[in-house]
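Welcome, and thanks for taking a look at this one with us. Here is a short tour of a few local features, grouped by topic.

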Amino acid sequence: MGRRPWDCFHSMITKAALGEIVVGLDIGTTKVCAVVGEVGEDGITVLGVGQVPCRGLRKGIVSNIDHTVHAIKDAIESAQTMAGVEIRTVYAGVAGSHVRAQASDGVAAISGGEVTRADVERVLEGARAIPVDADRQILHVLPREYMVDAQDGIRDPIGMSGVRLSVKVNLITAATSCVQNVIRCAEKCGLTVADVVLSPYASAEAVFSDDEKEIGGAVVDIGGGTTDILLYVDGGIAHASVIPVGGMNITSDIAAGLRTPMAEADRLKRLSGCALGRMVREDEEIEVPGVGGHAPRRAPRRVLSDIIEPRVEEIFCAIRKRIEDTGMLEQLSAGVVLTGGAVLLEGMSEFAEEILGVPVRIGFPTGVRGITQLVHGPQYASGVGLVRYGANALADAHSHARIAAPARIAVAPPSHSMMRMTASAAKKADEAGPAEGPKGSRLWGWIKQAF
Ligand SMILES: Nc1ncnc2c1ncn2[C@@H]1O[C@H](COP(=O)(O)OP(=O)(O)OP(=O)(O)O)[C@@H](O)[C@H]1O
Ligand SMILES: [Mg+2]
């Protein structure tokens with residue numbers, strides 16, 4: 001299998017965006033997490049992390065601007081203090097059941113007999129030129145395969161000879177109001193949003209390897225309010241969807257079942273919860289704090305897992321159904337990677353394997369150095385993934401700066417908004433005339449200003 005056009009940027013990071021600060025802002029249903037990374041010779045170093053609880057979202061969607069803005073401010077402030085840098089620009093995640101994936105395709109003539117980056121950009125532009133509901137916007141344009149004349153199954157067409165280039169893509173769309181609310185919240189904190197990224201796409205960047213993407217597999221991020229599913233087949237994203245259930249549903253079941261406050265239910269879940277009742281010994285006990293002044297009481301731990309198990313079963317059955325509906329379950333040879341805070345519950349991977357019938361592992365964020373202990377948990381997959389996504393995007397922009405020429409400069413970008421940035425970068429490079437070295441060009445100035 002070939003490499004996607006932007007795969008090269010992953011390895012280019014070390015050369016391209018050195019010394020740049022990249023900040024991922026994960027605005028989740030239970031917490032806001034800001035991760036500050038520095039792109040250096042040896043990859044991305046985590047310099048600081050700020051995490052604060054947030055009550056401004058419902059099921060992954062901003063429902064209270066003030067609460068969200070406060071949480072973002074606090075998270076950014078602590079990340080800033082820890083990292084010792086001023087944060088002005090962030091890559092923000094977006095999730096929620098408004099997110100949809102739809103297939104599209106595009107065709108373009110190959111201008112000079114050999115596919116160039118400009119041809120690839122043109123064919124991708126064509127693929128996204130389809131009617132989208134007025135209240136929705138395209139978040140990502142994800143190529144699945146290219147075709148040059150009659151040859152299909154091409155992953156990287158650049159340099160190939162032919163007259164006609166076509167592409168099959170998946171478009172990820174989201175409700176404009178939900179995306180705008182994320183941007184507005186960040187802007188109210190004095191931040192500029194460099195790009196809005198589908199949260200599970202970011203999580204996959206951090207926990208899913210290129211090999212797994214190639215073989216075919218799923219990343220499932222079970223957070224507090226939502227369960228996000230992303231399927232990779234043949235190295236590309238084949239499906240994205242969100243189920244509006246998460247760890248908070250388990251917590252409310254415990255609160256109702258054991259008649260204890262939500263905060264105590266969450267604590268009990270984290271400390272003593274188990275997804276599979278049969279993994280709990282009969283003689284184990286827990287202490288359940290009373291509600292409304294009632295004295296705490298002791299109960300078998302099994303009672304707790306009996307409450308948790310049906311909800312977890314419901315979540316995994318819903319995941320299985322979603323995957324089955326796509327007809328791709330058989331193609332997930334690399335299995336499923338579970339990430340998000342809720343998968344820390346004991347017995348989650350075992351239970352998932354039983355229901356999904358494929359190998360399951362828990363995904364911890366990888367690909368960063370520095371104070372990794374602060375982001376060492378599946379709940380940080382999105383935050384770390386946003387930094388990795390941002391670093392790739394910066395490397396992309398730098399590579400454009402390096403190869404900038406008066407002619408059009410473009411690379412098949414990982415996202416629609418990157419495409420827009422690329423186009424504007426190209427325009428500026430056009431205005432700037434023949435390119436100097438990156439540091440001397442006006443494009444370089446633009447990049448410095450933007451980031
Ligand atoms: N050790 C643990 N055991 C069980 N559950 C846990 C543990 N740690 C965190 N959780 C649960 O994980 C959930 C939060 O996960 P996460 O931080 O990934 O969500 P989020 O990003 O805020 O929400 P979302 O992605 O749904 O918008 C909460 O329901 C919390 O109770
Ligand atoms: Mg999350």
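With 17 C-beta neighbours inside 10 Å, G277 counts as partly exposed, because a buried residue needs 20 or more and an exposed one has 12 or fewer. Please keep in mind that this is a predicted model.

**G277 and its surroundings**

- G277 sits in the loop that links helix 8 (262-272) and strand 15 (285-288).
- Leaving aside residues up to four places away in sequence, G277 touches R302, S305, D306 and E309.
- I307 lies 30 residues from G277 along the chain, and the C-alpha atoms of the two are separated by 9.1 Å.

**Helix 9 against helix 10**

- Helix 9 (residues 301-326) packs with helix 10 (residues 348-356) at an angle of about 45°, and their axes are 10 Å apart.
- On the helix 9 side, the contact is made by V312, E313, F316, C317, I319 and R320, while helix 10 supplies M348, F351, A352, I355 and L356.
- Sorted by class, this contact of helix 9 with helix 10 has nine nonpolar residues, two charged ones and no polar ones.

**Helix 5**

- Helix 5 (residues 199-207) is largely enclosed by the rest of the structure, because nine of its nine residues are buried.
- The buried residues of helix 5 are S199, P200, Y201, A202, S203, A204, E205, A206 and V207.

Terms used
Residues numbered from 1 in each chain as written. Chains lettered and ligands numbered in written order. Predicted model: local features only at pLDDT ≥ 70, side-chain atom pairs only at ≥ 80, totals over all residues. Axes fitted to C-alpha atoms, helices over the stretch in contact; angles between N-to-C directions. Helix = DSSP H or I, 4+ residues; strand = E, 2+ residues; numbered from the N terminus. Contact = placed C-beta atoms within 7 Å. Nonpolar A, V, L, I, M, F, W, Y, C, P; charged D, E, K, R; others polar.
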